[in-house]
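This note is intended for a colleague who is looking at the structure for the first time.

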Amino acid sequence: MNALLAYSRGVDWVTERIGRTVYWLLLAAVLISTVNALLRYAFDIGSNAWLELQWYLFAAMFMLGAGYVFLHDQHVRIDVVAGRLPRRVQVWIDVIGITLFLLPLCVFVAWTSLPSIGKAIDTMEVSANPGGLIRWPLYVLVPIGFALLFAQSLSELFKRIGFLAGRAPDPHAEPEKTEEEKLLEDLQAEAEAAARGAAGAAPGGRP
């Protein structure tokens, strides 16, 4: 169990660094989109290559950031039923879902994407749009992204097994707030109280 939890900590560290790096792809996509719009509407200058680069950056954010989203439990959940169940039952549902569905899906998608990548590299496939980009770097993102998601899925599985065995904390437990976050909450509460007081003291306002 100690080895599994050590693996989990290592993968979490790598996933966190990758996720924070992927943040910058969003900034790059926004800047490229802005420049493209300005050139197109102000100077009637367009470029399919730069337009497709935006799509590539979005694809990279989506594929490379999936594990980061899973790490921070920000993926889509439907908890209409599961949210009412005891915590250990919820964790067991996660264990079953990761083992029977998510891990096999990652392997299946990554494996079945390899022939398309090989074909794209052999033929040096290029976008059908005039001036478009080569396609194989985009295809390569698929197995890389699902490999990262597979590694993070194992990490999440091991953390849940550790929790069920009483060797690790609840993976969904809210992290303890830092002193800065507590101070910010106090300041916000004081500002809201002052605003309500000012509204009540204003002419026509309720006491």
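At what angle do the axes of helix 4 and helix 5 cross, and within what distance do they come?

1. The model is predicted. In it, the axes of helix 4 (residues 87-123) and helix 5 cross at roughly 160° and come within 8 Å. Because angles over 145 degrees count as roughly antiparallel, helix 4 and helix 5 are roughly antiparallel to each other.

2. The crossing in which helix 4 passes helix 5 is left-handed. Sorted by class, the contact of helix 4 with helix 5 comprises 26 nonpolar, 4 polar and 5 charged residues.

3. Helix 5 (residues 136-164) also packs with helix 2 (residues 48-64), at an angle of about 15° and with the axes 8 Å apart. Helix 2 is therefore roughly parallel to helix 5. Here the crossing is right-handed.

4. On the side of helix 2, the contact with helix 5 is made by Tyr56, Ala59, Ala60, Met63 and Leu64. Helix 5 contributes Leu138, Leu141, Val142, Ile144, Gly145, Phe146 and Leu148. By class, this contact of helix 2 with helix 5 has 11 nonpolar residues, 1 polar residue and no charged residues.

5. Attention is also drawn to Ser153, which lies in helix 5. Is Ser153 buried or exposed? Ser153 counts as buried, because its relative accessibility is 0%. Leaving aside residues up to four places away in sequence, Ser153 touches Phe70, Ile98, Leu102 and Leu103.

How values were computed:
Residues numbered from 1 in each chain as written. Predicted model: local features only at pLDDT ≥ 70, side-chain atom pairs only at ≥ 80, totals over all residues. Heavy atoms only, no water. Axes fitted to C-alpha atoms, helices over the stretch in contact; angles between N-to-C directions. Helix = DSSP H or I, 4+ residues; strand = E, 2+ residues; numbered from the N terminus. Parallel < 35°, antiparallel > 145°, perpendicular 65-115°, else oblique. Left-handed = near helix turned anticlockwise from the far one by under 90°. Contact = heavy atoms within 4.5 Å. Nonpolar A, V, L, I, M, F, W, Y, C, P; charged D, E, K, R; others polar. Buried < 20%, exposed > 50% of the residue type's maximum accessible area, 1.4 Å probe, protein only.
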